[in-house]
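Subject: Handing over a structure, with notes

Dear colleague,

The notes below it go through what was found, one region after another.

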Amino acid sequence: MTPLPPAPPSRSAGPARPGRPARRPALVAALCAAALAVTGLTAAAPPERDAASAAALPYQDPSLPVPQRVDDLLGRMTLDDKLGQMTQIEKDALVPQSDLATYRIGSVLSGGDSTVSPNNAQTWADTYDSLQRTALTTPLSIPVIYGIDAVHGHNAVRGATIFPHNIGLGATRDPALVQRIGRAVAEEVAGTGIDWSFAPCLCVARNDRWGRTYESFGETPELPTAMTSFITGLQGTTLGGDPASVLATAKHYLGDGGTTGGVDQGNTQLTEAELRAIHLPPFKEAVKRGVGSVMLSYSSWNGVRSHAHKYLVTDVLKGELAFTGFVVSDWAAVDQLDGQSGFTGAEIATAVNAGVDMVMVPHDYKKFLSLLRGEVTAGRIPQARIDDANRRILTKKFQLGLFERPLTDRSYTSTVGSAAHRTLARQAVRASQTLLKNDGDFLPLPKTGKLFVAGKSADDIGNQSGGWTLGWQGRSGPVTEGTTVLQGIRSAVTDPSRVTYDRYGNGIDGSYTAAVAVVGETPYAEMRGDRPDGMGLDQEDLQTLARLKASGVPVVVVLVSGRPLDIAAQLPDWKALLAAWLPGTEGGGVADVLFGDHAPTGKLPMTWMRSASQQPINDGDGKSPLFPYGHGLTYGTNPDPDPEPDPDPTPAKACTATHKLVNSWPGGHQAEVTVKNTGTGPITGWTVDWDLAGATVSSLWNGTHTVANGRITVRNTGSNGTLAAGATTSFGYTASGTAGTPVPRCTPA
């Protein structure tokens with residue numbers, strides 16, 4: 001067995017001292033070279049040293065600027081070194097582990113169902129360190145970067161804190177809270193050694209039939225754009241600025257939330273102006289925040305797959321948006337380009353030339369590397385493209401400090417599932433609860449009441465966590481540690497013995513103050529989560545609710561789901577409806593709102609359909625929803641009527657409109673107009689108009705418009721016309737020509 005070099009420092013150690021010689025015993029270099037000779041790969045010549053020289057090579061000197069270190073390292077790399085850096089493989093496909101060094105692999109990942117045994121933070125850290133030590137046996141000692149889908153917490157690790165999925169975080173409307181969550185996730189990920197998270201998903205979900213709807217912060221571009229604060233939480237203000245800095249990934253580029261029919265990996269059929277207006281803004285903001293990587297989408301735009309779309313990847317992302325990180329493919333996505341199973345050289349060349357820097361293979365890495373090498377040596381992939389990809393990847397490795405601190409910082413291992421992080425998660429759960437109905441101010445519930453709790457998700461940590469929890473698709477049951485909604489209820493009431501639970505609603509009678517039904521969806525993820533047919537409650541839920549209704553006890557429904565569901569027919573039977581989304585492991589946050597310890601503040605991040613036949617339904621499209629985008633009730637807002645009210649003065653009506661340029665490109669631009677009710681009473685509609693100054697509006701959302709004599713007039717839709725005093729709404733548009741400096745005029749109705 002090839003001996004290992006001396007143990008490298010963990011990421012808790014300080015930077016390596018300038019002048020320290022490379023950790024590369026000559027014996028290890030010789031043995032690696034011999035192994036490579038057997039496989040047909042070539043080894044980089046070990047750096048020559050004279051006895052008097054103790055200085056590190058330039059790329060090993062942390063005092064030098066990163067670009068200089070990258071240039072030096074690139075100059076020492078063979079073609080096989082470079083191709084290996086562009087290759088990402090599944091941990092469980094690595095057999096034997098020494099292949100990591102033999103084939104110069106640059107990145108390892110754990111897919112959705114990849115795990116360790118026993119599954120705990122310590123084992124994950126040990127596994128990471130073992131792989132990293134193997135990677136460091138290569139002649140140039142280039143560390144691997146390890147990726148994982150930590151999409152709502154470090155969700156592959158049993159005992160980790162599981163936060164609400166993105167749809168719930170979107171309901172909070174709180175970017176600062178989301179940034180704090182990103183930081184907590186980074187600490188838990190760093191505590192297992194892993195240095196790269198495939199998050200956040202910045203998709204704009206436009207059809208709730210899509211099985212990844214819960215991975216979206218919201219249906220309008222403004223919400224995911226605001227929630228790019230998660231990136232700053234993961235990476236820190238500067239990538240590698242502290243030991244818990246974890247590389248973030250903006251995904252999935254571009255338009256995966258807009259496919260026809262909400263079909264996963266489907267075709268997004270939009271004009272370029274529509275694609276830019278709806279789906280591009282979150283990625284533009286992510287680049288501004290310095291996101292380290294971008295993952296491409298399986299989906300297509302007007303029939304061309306994202307992984308083959310050089311215009312979107314190279315011209316728009318890397319050119320127009322000036323993205324300097326690296327682009328990674330999705331799981332085996334390059335192998336899908338020709339519609340056949342198995343890599344071909346043509347697929348690889350298409351993807352790499354389109355701008356893919358690292359390919360998530362993830363299994364047959366030997367064939368992939370052989371084909372990639374063939375495409376380069378045949379000139380079908382330029383050497384300059386290989387060097388550009390390597391420069392991008394190596395820059396992030398240097399910035400993360402992997403060359404100086406390649407091993408796990410064990411000081412963060414104890415943060416996995418820590419009390420502080422669970423407290424933060426509970427706060428996020430509270431803030432995400434969205435009260436949609438509350439007849440007669442039935443909520444909050446009295447803590448002294450006699451309560452009957454039912455439903456399949458009342459006492460199921462797996463159901464309330466959803467997909468991407470201890471497995472790709474997630475599963476029902478006690479998958480990890482946490483607090484169920486039922487446990488939260490029992491902890492909140494004065495006397496837990498006055499809480500009765502039966503999953504199916506059996507045994508209820510008229511003696512109860514209220515029945516709390518915790519119903520909704522069971523876990524799913526991409527592909528299997530698509531709902532092309534019905535979007536209602538399942539038969540078990542309907543039967544449970546029927547039993548509760550028959551008792552005559554007032555019913556409060558807590559809906560655990562990854563998207564709005566078709567519940568209009570059942571809604572009249574319920575006194576209250578609370579959308580809990582997929583809250584994760586801290587079900588106590590749901591109880592906090594049910595009993596009034598915290599008033600609900602969540603606002604719908606998605607328009608709630610009247611029926612599934614309305615899909616897709618989105619804010620400003622003219623369809624009549626059950627609950628509009630942004631709807632959310634709270635407590636104490638329905639005062640008792642005054643039996644002898646004094647006549648009130650007629651409130652003054654006034655509004656203002658503020659124009660903001662959001663994006664521009666050669667020949668066109670995108671803008672947003674914010675309407676504010678500046679009067680003393682509510683308005684029931686508004687009109688905004690301004691001179692276009694030669695521009696031509698190509699699309700407009702959240703409003704209807706007409707153009708006459710070079711002046712545009714925009715009117716409210718049915719869902720955003722009514723504004724309370726001080727309230728705001730907005731609409732956006734794309735146009736050809738320059739934006740100018742319009743001064744819009746607002747007229748209230």
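A crossing of two helices is called left-handed if the near helix is turned anticlockwise from the far one by less than a right angle, and right-handed if it is turned clockwise. Please bear in mind throughout that this is a predicted model.

With that term in hand, the pair to look at is helix α7 (residues 175-190) and helix α16 (residues 419-432), which pack at an angle of about 145° with their axes 10 Å apart. In this pair, α7 passes α16 in a left-handed crossing. On the side of α7 the contact is made by Leu177, Arg180, Ile181, Ala184, Glu187 and Glu188, and on the side of α16 by His421, Leu424, Gln427, Ala428 and Ala431.

Next, the disulfide. A search of the whole structure finds 1 disulfide, and it joins Cys655 to Cys746, with an S to S distance of 2.0 Å. Cys655 belongs to strand β18 (residues 655-665) and Cys746 to strand β25 (residues 745-748), so the pair ties together parts that are 91 residues apart in sequence. The link of Cys655 and Cys746 is left-handed, with -100° about the S-S bond. Cys655 is buried, its relative accessible area being 10%, and Cys746 is buried as well, at 13%. Two further cysteines can be noted here: Cys201 counts as buried at 4% relative accessibility, and Cys203 counts as buried at 2%.

The hairpin of β18 and β19 has 2 residues between the strands, and in it Gly667 takes a positive phi near 90°. Strand β25, for its part, belongs to an open sheet of 4 strands in the order β22-β23-β20-β25, where the pairing is antiparallel. The edge strands of that sheet are β22 (704-708) and β25, each of which pairs on one side only, and neighbouring strands are turned by 20° against each other on average, direction ignored. Between β22 and strand β23 (residues 711-715) there are 5 bridges in the antiparallel sense, and the bridge partner of His705 in β23 is Val714.

Which residues of helix α18 (residues 485-492) are buried? They are Val485, Leu486, Gly488, Ile489 and Ala492, and, seen down the axis of α18, these buried residues fall within an arc of 160°, so they line one face of the helix. They pack against β13 (451-454), α17 (461-465), β14 (499-501), β15 (514-520) and α20 (588-594). In the loop between α17 and α18 you will find Gln473, which counts as buried at 9% relative accessibility; leaving aside residues up to four places away in sequence, Gln473 touches Gly467, Trp468, Pro523, Tyr524, Ala525, Glu526 and Arg528.

Strand β5 (residues 249-253) is largely enclosed by the rest of the structure, because 5 of its 5 residues are buried. It runs parallel to strand β7 (residues 293-296), to which 4 bridges join it, and the bridge partner of Lys251 in β7 is Met295. Helix α11 (residues 281-288) is mostly covered, with 6 of its 8 residues buried, and Gly290, which follows α11, has a positive phi near 80°.

A few backbone details remain. Most residues other than glycine have a negative phi, and most peptide bonds are trans. Against that background, the peptide bond from Gln615 to Pro616 is cis, with omega near 0°, and Pro616 lies in the loop between α20 and β18. Ser141 has a positive phi near 50°; it is placed in the loop between α5 (121-135) and β3 (145-148) and counts as buried at 16% relative accessibility. Asp441 also has a positive phi, of about 50°, although it is not a glycine; it lies in the loop between β12 (434-438) and β13 and is partly exposed, with a relative accessible area of 34%.

With best wishes

Terms used. Residues numbered from 1 in each chain as written. Predicted model: local features only at pLDDT ≥ 70, side-chain atom pairs only at ≥ 80, totals over all residues. Heavy atoms only, no water. Disulfide = S-S within 2.5 Å. Buried < 20%, exposed > 50% of the residue type's maximum accessible area, 1.4 Å probe, protein only. Pairing = 2+ DSSP bridges. Axes fitted to C-alpha atoms, helices over the stretch in contact; angles between N-to-C directions. Arc of directions from axis to C-beta. Contact = heavy atoms within 4.5 Å.
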